[in-house]
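Reader: I am new to reading structures. Please take me through one part of this model slowly, and then show me what surrounds that part.

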Amino acid sequence: MSPQAPRGTRDILAPESARLRALVESFAAAAELAGYGQVVSPMFEQIEVFQRVGEATDIVSKEMYQFRDPGDRHLALRPELTASLARAFVQHRPPLPWKAWYEGPQFRYEKPQAGRFRQFHQVGAELFGSDDPQADVEVIALAWRFCRRLGLGELRLVVNSLGDRSDRETYRAALSDYFQRRAGELSAPGRETLRRNPLRLLDSRRPEDRAVLAGAPVIDDYWCESATEHFGAVRSGLEALGIPFERDPRLVRGLDYYRRTAFELASDALDGAQDAVGGGGRYDGLVADLGGPETPGVGFALGSDRLLLACDAEGTFPAPAAAADVFVVDTTGGAAATLVAEELRGAGIRAGRAFDGRSMKAQMKAADRSGARWALLIGPDEQDAGEVSLREMRGHGAAASAESVQRRVRRAEVAAEITRLLVAAAAEGSAP
RNA sequence: UUGGCCGUAGCUCAGUUGGUUAGAGCGCCGGGUUGUGGUCCCGGAGGUCGGGGGUUCAAAUCCCCUCGGUCAACCCA
């Protein structure tokens, strides 16, 4: 049996890889418009970076790829990037507010399924050093604006507030009390969840648990004044921007470090259980947990793979066209094609060619399939005359409905002539 | 980690109650006379039937294990 990509990983080949790259570029543009700078952080960290962030979360307790390097350092492939960014913040202490965006693969040991991989890609942004609700609004708006730019329409923004640290703790205790009293009615796995982290029970999908949930205490009653005020400001900020959202008091998110604002973006176009394309929130206290000064922060991450699945479902954000401009057909052996193709590429023209001395017919077929606008023919005739034949392929430009047109061009003027034609076509296309 | 469904050429799939050299479409390669693609016609290459073990005179077809995919629980992007 020949080797395969490890379970839950995959090769992303040409058209799709260009699409992923375009998505990242689009995100970079959106983030940088808002003043976020890119951070490229290591693919792995000292394991404590993630452990300090939440022992109770599955992501760190059982889904981390961990290993010891030859120097016996205990390391982990990053399962998420907020912790890495917080570590980088503590290490470099950049001026506040520090606005950073990132992109790249992350790793979680999970059972793969559609929209869930062991190596997956995210884009995200973090804002450190401000507890202004307007910062929350800016961050959410960035995520929203980016998704809209991808063409996603069936998107749902869900927001909640988990209150301050102490609010969260008292609520957690109250919730725990409540569930303890009715533990008998919970499902078996639900009781286990209750033991580990009662908050997690809030978004259980099991019917028994949901029934018990109906009478559970609501977070709203545990907010302190400032948390209430903060959440109010976030909501009115979103309203002012015309960003639609719904409030879900049971939204808790998986990472333990969230305080106050938590939000999630889900796509209604995705069927199946994995409909969340991203989420985020405020993590005041995370920086301190990593040994830095008390520093508030808010941010989000979006799953690139799932965003693209959602785009597929909505038929938007197609792969950028990769068609060549010119395909060189050489029946004199192939060396002439090399010279012309390299010359054209040097002039910024996308040029393809065939190898292995294939027949003219075969080369023409290849030219057709390459999607090139022109075939550039070099045979003995052209070579003797110091010329090439430039054939406009049907389906392009003026020749779309008529027969393909073909004419001779001086060999020395080929690059200039094609450049001229490309410029003319671009002008025509941009100013119809 | 738990459970359901699935795994046949590069891709999408057929393969009757186990029975001889495993098929189709698409794609790929070549050809249809004198250098010219997209349509059409002809031909060709390509499969240890995911892998291993077992039952049987005989297994793609039955059983077990394993790997992988998928769906759901869990969790999350």
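Reader: Let us pick strand β9. Which residues does β9 cover, and where does β9 sit in the order of the sheet?

Author: A word of caution first: this is a predicted model. Strand β9 covers residues 259-267. It belongs to an open sheet of eight strands. Read the strands across in this order: β1-β5-β6-β11-β10-β9-β7-β8. In general, strands of a sheet pair through backbone hydrogen bonds, either parallel or antiparallel.

Now look at the two ends of the sheet. The edge strands are β1 (37-38) and β8 (246-247). Each of these pairs on one side only.

Go back to β9 and its neighbour β10, residues 276-282. The two run antiparallel, and six bridges join them. Take one residue of the pair as a landmark: Glu264 stands opposite Gly279 in β10.

A helix packs on this sheet as well. It is α5, residues 133-149. Helix α5 touches β9 and β10. It also touches β5, β6 (119-128), β7 (155-161) and β11 (297-303). The direction of α5 makes about 15 degrees with that of β11.

Next, find Arg260 within β9. Its phi is positive, about 55 degrees, although Arg260 is not a glycine. Is Arg260 buried or exposed? Its relative accessible area is 13%, and buried means under 20%, so Arg260 is buried.

Phe317 gives a second case. Its phi is also positive, near 50 degrees, and Phe317 is not a glycine either. Phe317 is found in a loop, between α11 (304-314) and β12 (326-330). With a relative accessible area of 16%, Phe317 is buried.

Helix α11 packs with α1, residues 14-33. Their axes are 11 Å apart, at an angle of about 110 degrees. Angles of 65 to 115 degrees count as roughly perpendicular, so α1 is roughly perpendicular to α11. On the α1 side, the contact holds Glu16, Arg19, Leu20 and Leu23. They meet Ser304, Leu307, Leu308, Cys311 and Asp312 in α11. By class, five residues of this contact are nonpolar, one is polar and three are charged.

One last stop takes us to another loop. Pro97 lies between α4 (82-92) and β5 (98-107). The peptide bond that joins Leu96 and Pro97 is cis, with omega about -10 degrees.

Note on methods: Residues numbered from 1 in each chain as written. Chains lettered and ligands numbered in written order. Predicted model: local features only at pLDDT ≥ 70, side-chain atom pairs only at ≥ 80, totals over all residues. Heavy atoms only, no water. Helix = DSSP H or I, 4+ residues; strand = E, 2+ residues; numbered from the N terminus. Buried < 20%, exposed > 50% of the residue type's maximum accessible area, 1.4 Å probe, protein only. Pairing = 2+ DSSP bridges. Contact = heavy atoms within 4.5 Å. Axes fitted to C-alpha atoms, helices over the stretch in contact; angles between N-to-C directions. Parallel < 35°, antiparallel > 145°, perpendicular 65-115°, else oblique. Nonpolar A, V, L, I, M, F, W, Y, C, P; charged D, E, K, R; others polar.
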